[in-house]
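Dear colleague,

I am passing a structure on to you, together with some notes on what was found in it. Please look it over before reading on.

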Amino acid sequence: MSARRRVGCVKIDFSVIERFAASEIHQLPLAGIGEGWSLSRASSLHRRKDGSYTLCLIWKSVDGLTLNSTTRGLRLGRS
């Protein structure tokens with residue numbers, strides 16, 4: 001009998017996603033598109049079949065714009 005790997009959305013505290021977002025924000029062109037960007041609580045972390053993770057960040061501006069960022073293949077080390 002083989003062990004099944006759990007896949008799908010990982011239930012973690014939003015502060016963990018905010019820490020990931022802080023390291024990713026410098027790669028996004030938020031300043032050139034609009035003003036007052038904030039991270040949406042709809043952002044999520046998903047576990048994939050191969051054991052890696054996908055980070056989905058959703059940014060919202062005060063102008064009503066939305067920017068999605070997806071990072072696949074993240075490997076998380078044990079702390």
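The protein has 2 helices and 5 strands, where helices (H or I, at least four residues) and strands (E, at least two) are DSSP runs numbered from the N terminus, and along the sequence these follow the pattern β-α-α-β-β-β-β. Please bear in mind that this is a predicted model, in which local features need pLDDT of at least 70 and side-chain atom pairs count only at pLDDT 80 or more, while totals for chains, interfaces and linings use all residues. Residues are numbered from 1 along each chain as its sequence is written, and side-chain values use heavy atoms, with hydrogens and water left out.

Of the 79 residues, 35% are buried, that is, under 20% relative accessible area with a 1.4 Å probe, protein chains only. Leaving aside neighbours within four places in sequence, Leu-55 is in contact (heavy atoms within 4.5 Å) with residues including Phe-20, Leu-45 and Leu-74.

Ser-52 lies in the loop between strand S3 (44-47) and S4, and counts as buried because its relative accessibility is 1%. Its side chain makes a polar contact with the side chain of Asp-50 (2.6 Å), a term for a pair of N or O atoms within 3.5 Å, of which, within protein, one must be able to donate a hydrogen and the other to accept it, with residues adjacent in sequence counting only if both atoms are side-chain atoms.

Best regards

Key
Buried < 20%, exposed > 50% of the residue type's maximum accessible area, 1.4 Å probe, protein only.
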